[in-house]
Amino acid sequence: MRDPPTQRRCRIPSPLGRRIRGCFYGWVILSNHPHNDMWSLWNPETSKIICLPRLITEYAVLCSDTYGVFASGTIQQCCFSSPPDDPGSIFMVTAAEYTLFFCRLDCKRKRLKWVEMSYAQQMRSIAGCDSILYCLTCCNGNVYALNNVPGNRVVIHLDIVVKDKGIVISLLPCLKLPTFYEYRYMYDCPNSVVFLKGCCTELFCIKLGLNKRGHVEKQSFGDVCVFKLDMTNKRWEHVEDLKDATFFLDLAHDCSAFYSPTIASELGGYVHFLDKSAKVTYSFDFKNKTIALSSMPSLVLPTKLFGCRQQGEPGEIKSQQENEVVVSDDEVDSNNMSLATREENIGSRLLNIPLDVLKTIMGFCVGIEYLNFRATCKLCHLAAPMIRWSKGGRLQNYSLASPWLMMLDKDRGVISFTDPKFGDKYFIKTPQELIGNVQIHCSMGGWLLIRRYDGPLMFFNPFTSDTRELPFAPYFDTYCFSAPPTASDCMVVGFTTRTEWHVYVHFVAREPSWRRFHLKYCCDSHTLHFATRYGKNLYALYNNGGLGFIDTGNLDYTYPGVRGLTNAGNLDYVWREGPRSSCVSPKQSFLTKCDQQLLLVIVGEFGECVEVFKLNDSTKWEKTESLGRHAIYICGKACLCVEAKTPEMANKIYFPRVHSKNRKIVFYSLATRRYHTFNGHDIEESFGDFMGTKHYVDPHVWIEPSWSVLLKEQGV
């Protein structure tokens with residue numbers, strides 16, 4: 001990318017009415033859209049074009065559904081068995097009704113012709129039911145595909161035998177797909193799209209996890225998982241680092257995949273995917289576990305040309321790798337550096353600073369900055385005397401009093417905190433018992449309610465590393481707690497709508513078990529989210545934007561003295577219709593309490609619309625144009641509304657997103673009706689939606705630092 005560009009000329013076929021359908025062995029496959037009955041093959045390196053005869057079939061219409069399983073009556077995907085220059089090369093396309101069309105590309109033949117083949121019977125013998133082939137790909141001289149049987153998807157080898165009198169294609173089961181749910185947070189993604197992609201001698205399996213949250217009208221992308229097949233042992237290996245490789249996935253057209261094994265280092269390590277609307281591209285940073293949004297111009301062709309030339313394939317011009325590597329400070333992987341080396345590097349730099357200068361620097365440090373700096377080395381310990389922060393001083397004026405964006409990095413075992421105003425980041429080690437797949441359910445007063453996969457529900461304070469397990473409870477749709485677990489009146493509440501509607505209540509300091517109340521109102525089409533205790537009522541948000549509540553003022557909370565889960569009777573559950581929103585795109589809804597009001601925040605799919613409603617005394621929703629001195633912090637599992645500590649932070653909604661360029665926290669100003677970022681005390685950037693921003697895939701939540709507890713335990 002840094003070398004002077006070389007000019008190359010090639011004859012490009014007219015793109016009018018054509019769509020790029022695939023790239024194999026350096027050849028681009030084109031079809032006339034939407035009829036898909038005229039196919040051609042183009043080699044950009046040699047400018048050679050092979051025009052195939054017209055494919056006359058009733059299936060020549062392209063369509064795909066959300067999960068990569070194609071609708072009836074469609075031409076679906078295509079692939080080569082070998083480079084078109086090979087005398088035995090076969091070009092094939094799959095169609096509906098379990099049909100495969102193929103054409104032998106032997107240049108010695110006077111006429112090329114299509115042959116139709118049904119694979120229905122072969123597929124029944126493999127899957128035990130009717131199933132279609134999709135995700136055709138070639139690898140190591142073989143053609144592979146997937147079947148679409150949920151829960152029983154396998155990789156199928158298309159064994160192709162070319163004879164003088166004809167071609168025989170046999171479907172052979174090869175191996176099962178990897179178990180994605182064991183990795184990262186795929187267990188929290190009930191739906192997914194699976195891709196199979198081959199390149200040279202490598203075969204990859206990629207899964208896009210889809211979250212179907214009740215407060216989101218449209219499925220959102222939850223995670224990306226990549227596996228590579230060990231050809232010797234026929235075993236899937238989890239890919240931890242893509243290095244310079246990049247995947248390009250197309251959800252808008254035919255769920256095809258493209259792979260580039262080597263690309264410029266600053267551009268590698270990504271999985272890019274075009275959404276179904278073909279208007280938005282998601283870019284998953286495999287190293288930092290973030291997903292960035294960017295708009296796709298309507299006149300730009302799909303990015304499939306990135307996959308045209310693959311390493312080791314004919315016609316490739318291999319680029320010389322550069323020795324220079326540029327790494328920013330926040331991208332250095334401290335896990336790869338020994339502790340002794342880090343201490344030596346830090347100490348050698350700090351010893352060059354005079355003690356009086358170091359004392360001046362320490363004078364600007366506050367809270368955890370001061371504690372960590374003081375513990376760095378002996379010189380810092382001398383320069384930083386003990387300070388009683390509880391007596392006041394600069395700690396009260398520092399932005400640490402506002403919520404931080406906390407993220408659990410599963411792979412590195414690190415918890416990070418990001419200051420929404422200054423963008424500073426702080427890191428602590430994850431307790432050993434919490435390393436793994438962890439779900440964060442809610443946040444309050446510096447405490448989190450979390451659960452490990454197949455583990456107990458527990459409280460966790462990341463500032464003190466204190467954990468407190470709760471009695472056994474089933475998985476709930478939504479959670480909330482009324483006070484920190486150290487308080488005598490801490491009450492934990494969970495709603496569940498599976499089979500029957502129940503609300504579970506547990507008093508942490510009073511009872512050893514949960515109480516279960518049956519909810520008299522039941523509607524199978526709704527799920528509950530953002531449970532909130534406000535006043536004497538329990539509230540929860542419906543997936544359609546409506547609000548349900550329970551009057552808990554007259555409940556009998558007297559513990560009956562029976563251990564184990566207790567059925568405590570029935571409760572009336574009242575439903576209220578949600579407000580009328582002007583947002584036309586699929587929207588997200590967030591519920592929170594603010595002083596003496598209950599607030600509902602509605603956000604458009606890509607942030608193009610933001611509305612705030614409050615519930616007045618007559619149980620009617622009223623749109624509000626200002627938050628006054630308050631600020632709202634929202635994310636997928638928790639929504640906080642707190643009084644802003646400084647005027648510039650008030651009347652804003654903070655999102656768990658960072659700007660792709662300056663890496664600062666993104667917020668929405670109700671005064672300007674625009675998105676911005678902070679630059680110290682100043683406001684910079686101005687944009688109208690989430691394009692150009694990125695969000696984290698790892699579990700994250702807004703949390704209020706509990707400094708009084710932390711500093712007391714640190715002895716300051």
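Author: Before we start, a contact here means heavy atoms within 4.5 Å. Also, keep in mind this is a predicted model.

Reader: Ok. Of the contacts between residues at least 6 apart in sequence, what share join residues at least 24 apart?

Author: That comes to 51% in the protein chain.

Reader: And how many helices and strands does the chain have?

Author: Seven helices and 49 strands. Of its 716 residues, 54% count as buried.

Reader: Switching to rings. How many aromatic pairs are there?

Author: The structure holds 29. One of them is F247 with Y259, a tilted pair at 4.6 Å centre to centre and 35 degrees between the planes. F247 belongs to strand β17 and Y259 to strand β18, twelve residues apart.

Reader: Are those two buried or exposed?

Author: Both F247 and Y259 are buried. Another tilted pair is F667 and F678, with centres 4.7 Å apart and 35 degrees between planes.

Reader: Which strands hold F667 and F678?

Author: F667 is in β45 and F678 in β46, so their pair ties together parts eleven residues apart in sequence. F667 has a relative accessible area of 0%, and F678 is buried at 0% too.

Reader: Which residues do ring pairs link into a cluster?

Author: F24, W39, F80, F91 and W114.

Reader: Last one: where does the charged end of R510 sit?

Author: Over the ring of F507, 4.4 Å from its centre. K289 lies over the face of F286, at 5.6 Å from the ring centre.

Terms used: Residues are numbered from 1 along each chain as its sequence is written. This is a predicted model: local features need pLDDT of at least 70, side-chain atom pairs count only at pLDDT 80 or more; totals for chains, interfaces and linings use all residues. Side-chain values use heavy atoms; hydrogens and water are left out. Helices (H or I, at least four residues) and strands (E, at least two) are DSSP runs, numbered from the N terminus. Buried means under 20% relative accessible area, exposed over 50%, partly exposed in between (1.4 Å probe, protein chains only). Rings of Phe, Tyr and Trp (its six-membered ring) pair if their centres lie within 6.5 Å; planes under 30 degrees apart count as stacked, over 60 as edge-to-face and the rest as tilted. A charge sits over a ring if NZ of Lys or CZ of Arg is within 6 Å of the ring centre and within 35 degrees of the ring normal.
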